[in-house]
Amino acid sequence: MRVLKEMLRQPAALFGLVVVALVVVMAIAAPWIAPFDPDNQMFDGLSLEGAPLPPGGQFLLGTDTLGRDLFSRLLYGARTSLVIGLVANGIAVAIGLLVGIVAGYLKGFASNVLMRFTDLMMAFPALLLAIVLAALLRPSLWIVAMVIALVNWVQVARIVYTETRGLSERDFIMAERSLGAGHLRVLFMHILPHLVPTAIVWGTLGIATTVLLEATLSFLGIGVQPPQPSWGNIIFESQSYFQAAPWLVFFPGIVILLTALSFNLVGDALRDILDPTQRGRN
Amino acid sequence: MFLVLRRLAQAFLILLGVAAITFVLLYALPADPARMIAGRSATAQTVANIRHELGLDQPLLLQFWHYLTNLLSGNLGRSYAQKTDVWTLIVARLPATLTLMLAGILVEVILGLTLGTIAAIRRGGFVDRLVMMASFVGVSAPQFVVALLLLYVFAVTLGWFPMSGYGTLAHVVLPATTLGVLGAGWYARMVRSAMIDVLNQDYVRTARAKGLSSRRIIFRHALPNAILPIIAMIGIDIGQFMGGVVVVEAVYGWPGIGQLAWQAIQQVDIPIIMGVTLTSALAIVIGNLIADLIAPVIDPRIRTR
């Protein structure tokens, strides 16, 4: 409640919250809001010469090269982006938490191995790795989500690691241990709760990264496959046509930008609010 | 000296790890290079022959061992599709990519430093908010959308820059800007917070009390210290760039290693994919190494640690 109240007071965070809420509504209510079937290649969706129709008139944001309604496709695309955002990022945060907490709490060999492994992952060009994996596997929504999760967990792991290291040296953990609490109890009852803010912040910021990554993969044609609409593959399908029909790049581009921006704004505000050490720095 | 050697050893181990993981990933994936080369209508026998020729029928560990021993003698193998030495292919493409990356780094550092410094000086004011918002937009903008928008505005509509290609300064501007916008957002934020920290330090207050002009304080006293985190960032940034390069080179038809990789990925040309991944990892490792080694030279405070 306090968090929400503080967020409503900052204009940037408020803007982010509103857009995020809008995108969620778009995704959930797509079947009821969409004026047309997103996959329907309509005869009157193309001009007499067979070109896509510009925005305005019967089709709010115009139509694509196959005569499908762009607005309806964008609405359904929100589903794709959010599903991948939640699933991929959820998995990434879970892996990151697990690796980070274990490596941070255990000392010695196991911890070293885990952290050297994250060093290794940091040396991987993430986007290149994602592109290679997505292209060589048969692309689908779930594969894309897996690939993104596989690439994105590293940063969370490193942050959680540092925090766990700090926490496990604090007196109250020592006290718990000397009272006879087992490692699992300490990890889950005493350390994990302190990491919840971190998980929330990175969970939110990570959705922005994920949405961008999904859009990029789909734009390259190796992400979510048409006809299933995704904001990235809408641009992929029409990029060779974009000089004649710039709205086909412009609208999905704006939607991707606004969504990523909003998740970043909300995540950033959450970090300021949830992390007391960050407070007052702005 | 000891530190340098240890860092070098670490870098070497990391590269070895990257090679191992990439190798296993590429060969464990369902895409079959032999079938790709043979074509759709090939018989099973032809595919088997090609597989044997490429050594793909040997156990994975043995293949990896061959790859590693070749690698250590500087041989990255031969491209399946182009029948050429991978190293030659990469070297031929490297100048284009390096040009693009350097130009991109220039764009992001100049933009980031300027915007970040202005925001820090005007802290809390309208300009500061504007810059911070703009930096968020830069960070959240997908590179392919930025690329297509820049193309539409500056190449198609205004005709200031060529649509695609390589060779003159005019060709570099749009791709480098595309690559730099993302980083500029991060840099602006980092420079701003570093500047604010520095401007609150006692020595800056002393400089002010001495009656120095604020320009002198900012450029001579504050900025050099605020730049430190940026230098570390540039090293790390190279990794970000290597991925972005694939997208940017694809959109602008820039003949660099990103394009090489993209073609190779579509043809399941594993030696090239391996080669480019390793080159990228090498660039990242070198970037980090330089950042680590330069930091104590610039900042004496780190030296004692």
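1. Helices and strands here are DSSP runs, numbered from the N terminus: H or I of at least four residues makes a helix, E of at least two makes a strand. The model is predicted, so local features need pLDDT of at least 70 and side-chain atom pairs count only at pLDDT 80 or more, while totals for chains, interfaces and linings use all residues. Residues are numbered from 1 along each chain as its sequence is written, and chains are lettered from A and ligands numbered from 1 in the order in which they are written.

2. Confidence. The predictor gives the complex an ipTM of 0.81 and a pTM of 0.85. Per residue, pLDDT is the predictor's confidence on a scale from 0 to 100. Chain B averages 80, and 96% of its residues score at least 70. Within chain B, helix H5 (residues 86–121) is highest at 87, and helix H14 (residues 300–303) is lowest at a mean of 65. Where pLDDT is low, the predicted coordinates should not be read in detail.

3. Chain A overall. Chain A has ten helices and zero strands. Its C-alpha trace spans about 80 × 45 × 30 Å along the principal axes. A residue is called buried if 20 or more other C-beta atoms, placed from the backbone, lie within 10 Å of its own; 12 or fewer makes it exposed, and anything in between partly exposed. By that test, 47% of the 282 residues of chain A are buried. A contact means two C-beta atoms, placed from the backbone, within 7 Å. Of the contacts in chain A with a separation of 6 or more, 70% come from residues 24 or more positions apart.

4. Chain B overall. Chain B has 14 helices and zero strands. Its C-alpha atoms fill a box of roughly 85 × 55 × 30 Å along the principal axes. Buried residues are 39% of its 305 residues. Among its contacts between residues at least 6 apart in sequence, 71% join residues at least 24 apart.

5. The interface. Chain B puts 38 residues into the contact and chain A puts in 35. On the chain B side, helices H1 (2–28), H6 (126–140), H7 (143–157), H11 (228–252), H12 (257–266) and H13 (270–298) each supply at least two residues. H11(B) gives the most, with seven residues. For the classes, Ala, Val, Leu, Ile, Met, Phe, Trp, Tyr, Cys and Pro count as nonpolar, Asp, Glu, Lys and Arg as charged, and the others, Gly among them, as polar. The side of chain B that touches chain A then has 29 nonpolar, nine polar and no charged residues.

6. The core. A nonpolar core is a set of buried Ala, Val, Leu, Ile, Met, Phe, Trp, Tyr and Cys residues joined through C-beta atoms within 7 Å. The largest one has 155 residues. Those with the most contacts inside it are A:Ala130, A:Ile131, A:Ile148 and B:Ala261. Beyond its neighbours within four places in sequence, A:Ile148 contacts A:Ile84, A:Ala88, A:Ala130, A:Thr210, A:Leu213 and A:Glu214.

7. A:Val151. This residue lies in helix H6 (residues 141–168) of chain A. A:Val151 counts as buried because it has 26 C-beta neighbours inside 10 Å. Leaving out residues up to four places away, A:Val151 touches A:Ala126, A:Leu129 and A:Ala130. A:Ala88 is 63 residues away from A:Val151 in sequence and 9.7 Å away in space, C-alpha to C-alpha.

8. A:Ile191. This one sits in helix H8 (residues 183–219) of chain A. A:Ile191 is buried, with 20 other C-beta atoms within 10 Å. Residues up to four places away apart, A:Ile191 touches A:Ile101, A:Tyr105, A:Thr164, A:Leu167, A:Ser168 and A:Val186. A:Thr164 is 27 residues from A:Ile191 in sequence, with the C-alpha atoms 7.0 Å apart.

9. Helix H8 of chain B. The expected span of a helix is 1.5 Å times one less than its number of residues. For the 31 residues of H8(B), residues 169–199, a straight helix would span 45 Å, but the end C-alpha atoms span only 38 Å. H8(B) has a kink of about 35° centred on B:Val181; the bend at a residue is the angle between axes fitted to the seven residues ending there and the seven starting there.

10. Helix H4 of chain B. H4(B), residues 60–72, has 13 residues and reaches 18 Å between its first and last C-alpha, close to the 18 Å expected. H4(B) is hardly covered, with one buried residue among its 13. B:Gly74 follows H4(B), with a positive phi near 80°.
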